[in-house]
Amino acid sequence: MLGLINRSFQFFLRDTYGASLWDAVARQAGVTPAGFESMLTYDDAVIDRVIDAAASLLRRPRESLMEDMGTYLVSHEPLGTVRRLLRFSGGNFPEFLNSIEELPERGRLVLPDLDLPYLDLSDLGGGHFRLRSVSRLAGAAHVVMGVLRAMADDYGALVLLEYHGVEAGTEVISIQIADQSLYDARPFSLGMVG
Amino acid sequence: MEVQQAGQVLSVPREAFDRLMPLHVLLDARGRIAGYGATFAKLVPEGLIGTPMFEAFEVRRPSGLCSTADLAARAGERLRLVLKRGDRPVSFRGIVMPLASGAGQGMILNLSFGIGVVDAVRSYALTDGDFAATDLAVEMMYLVEAKTTAMETLKGFALRLQGDKQTAETQAMTDTLTGLSNRRALAQALERMTRSGQAFGLMHIDLDYFKAVNDTFGHAAGDHVLRRVADVLHLETRAEDVVARVGGDEFVAVFPDRTEVAHLEVIARRMIDSMSLPIEFDGKICRVSASIGITTSDSYPEPEIGRMQHDADAALYASKRAGRGQARVHQDAKPAPSYPSQTDRRRA
């Protein structure tokens with residue numbers, strides 16, 4: 001697993017719950033307190049140990065912690081990089097959703113080692129979609145759900161998300177776009193600020 | 001199955017044309033600008049309708065194009081053009097094609113920002129709606145931004161690595177108790193100076209009565225005394241001098257370009273005087289002193305580290321034997337001829 005993903009979890013835990021919680025997680029997971037380097041590759045088991053340690057220390061289900069992590073990536077990550085890069089995928093939420101299958105490829109364009117979940121979208125009509133996710137990280141679809149929720153918020157769309165469990169290694173999410181034009185989208189310009 | 005025919009003329013509504021090519025420019029039969037797409041319009045808010053094409057644009061490649069006829073002759077080739085805009089010209093890639101069977105019906109010039117798309121998006125606040133749906137401009141913007149982020153991440157990584165490396169190097173060269181250099185740092189400094197032929201003074205310093213402090217007051221008191229001694233050595237040397245702790249209570253000081261024996265003796269005397277002051281620790285008074293042996297590189301035809309260290313040690317033990325708390329210069333370390341009085345003093 002590319003360290004970028006591990007480091008995102010590290011920063012999520014540190015920014016959300018404080019440095020001392022991260023230190024405790026690191027200790028329990030057998031990771032140095034300095035944590036992960038984005039561009040190095042780590043054994044897949046390490047990230048699992050980190051998530052399990054955080055879930056047990058915070059007494060929270062692993063799934064909801066992962067969803068919060070997805071939301072954090074888009075909404076709270078201090079530099080707003082993920083949000084900006086995701087906004088390049090479409091001018092509104094339906095466009096964004098319809099190009100979500102490109103996500104792993106977009107990631108690999110920049111970081112060839114980046115292993116984002118393989119995503120498969122079916123349009124069931126009436127604003128109803130089904131998204132299948134396959135990843136080496138168990139429960140990755142919960143992170144995807146957090147990302148989708150935050151991106152819908154960013155585009156000003158109202159969506160209902162539901163996790164349908166895992167079947168033969170494939171996680172399934174259902175997405176209902178309730179109202180696209182309920183709120184104003186947060187501003188986004190193609191050109192970088194500054 | 002339909003067969004496409006060469007020379008077939010398609011009729012495309014203006015709006016469709018605009019959606020397909022928002023950066024196109026229409027030229028009339030005389031080479032004047034007759035219309036353009038919505039995105040091109042954003043670049044020329046003052047309007048360019050009726051302006052001769054070669055007045056608005058300069059064709060850079062192929063070179064030598066300066067008339068409508070020249071342009072028509074290059075139909076279908078890749079062009080590099082610049083929209084003349086005072087101090088902010090805009091570069092384009094372009095292609096020109098006749099509208100009907102010949103240039104007599106006018107031409108269409110389709111443009112793309114090419115590699116300059118990043119600047120153009122910023123300068124004219126373009127959005128994804130300003131580009132044709134097939135245009136990779138947005139992907140280009142995405143890549144540039146993602147690449148910048150990745151580079152910054154890598155740079156951060158490199159900086160952290162460099163910081164860690166420097167810390168590790170400093171730690172590998174430092175005596176942890178006193179913060180002075182260690183044996184390794186000393187060896188490197190001596191090696192550097194002898195190899196480059198730089199002259200230097202060498203001082204071996206050994207504490208007197210240190211074992212008594214350790215035995216009487218314990219190691220904590222001993223450590224405190226060693227730190228205090230290190231402070232003195234710091235104070236009495238320059239930044240470019242190398243001061244190392246090489247044993248329990250043994251120190252070595254190297255003074256680049258300082259070979260006047262008289263001067264080194266004065267420094268040694270000051271060190272001994274400061275170290276001989278009572279040192280308080282935990283309400284107890286510790287007393288040590290120091291014996292010093294000195295030699296200088298210019299007293300040897302070919303300075304050799306082992307020999308110099310041996311001689312500095314010999315001078316140090318001469319100081320010890322003579323009653324401690326004093327400095328001696330090795331007998332071969334001859335003073336410069338202009339200081340004959342020093343010879344007398346050393347022989348005394």
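Domain bounds, as I use them here, come from an automatic or database domain assignment.

**Ground rules.** I worked on a predicted model, in which local features need pLDDT of at least 70 and side-chain atom pairs count only at pLDDT 80 or more, while totals for chains, interfaces and linings use all residues. Residues are numbered from 1 along each chain as its sequence is written, chains are lettered from A and ligands numbered from 1 in the order in which they are written, and side-chain values use heavy atoms, with hydrogens and water left out.

**Pocket.** I found 46 residues in the lining, with L4(A), S8(A), L73(A), V82(A) and L114(A) nearest the centre; a lining residue has an atom within 4 Å of a point. Elements giving two or more residues to this lining include α1 (3-17) and α8 (140-155) of chain A, and α6 (137-172) of chain B. Helices here are DSSP runs of H or I, at least four residues, and strands are runs of E, at least two. Domain 1 (3-60) and domain 2 (91-179) of chain A each supply at least three lining residues. By class I noted 29 nonpolar, 9 polar and 8 charged residues, with Ala, Val, Leu, Ile, Met, Phe, Trp, Tyr, Cys and Pro as nonpolar, Asp, Glu, Lys and Arg as charged, and the others, Gly among them, as polar.

**Interface.** I counted 21 residues of chain B and 20 residues of chain A in the contact (heavy atoms within 4.5 Å). The two chains bury about 1,800 Å², 70% of it on carbon and sulfur atoms; this is accessible area (1.4 Å probe) lost on being put together, summed over both. On the chain B side, Y142(B), E145(B) and F157(B) lose the most area, together 36% of what that side buries.

**Salt bridges.** I took a side-chain nitrogen of Lys or Arg within 4 Å of a carboxyl oxygen of Asp or Glu. Between chain B and chain A there are 3. R106(A) pairs with E139(B) at 3.3 Å, N to O, and E37(A) with R160(B) at 2.7 Å. E37(A) sits in the loop between α2 (19-29) and α3 (44-58) of chain A, and R160(B) in helix α6 of chain B.

**Backbone.** I noted a cis peptide bond between R61(B) and P62(B), omega about -10 degrees.

Notes: On a 1 Å grid over the protein atoms alone, a cavity is a set of points where a 1.4 Å probe fits but cannot get out, and a pocket is an open set with protein on both sides within 12 Å along at least five of seven lines; lining residues have an atom within 4 Å of a point.
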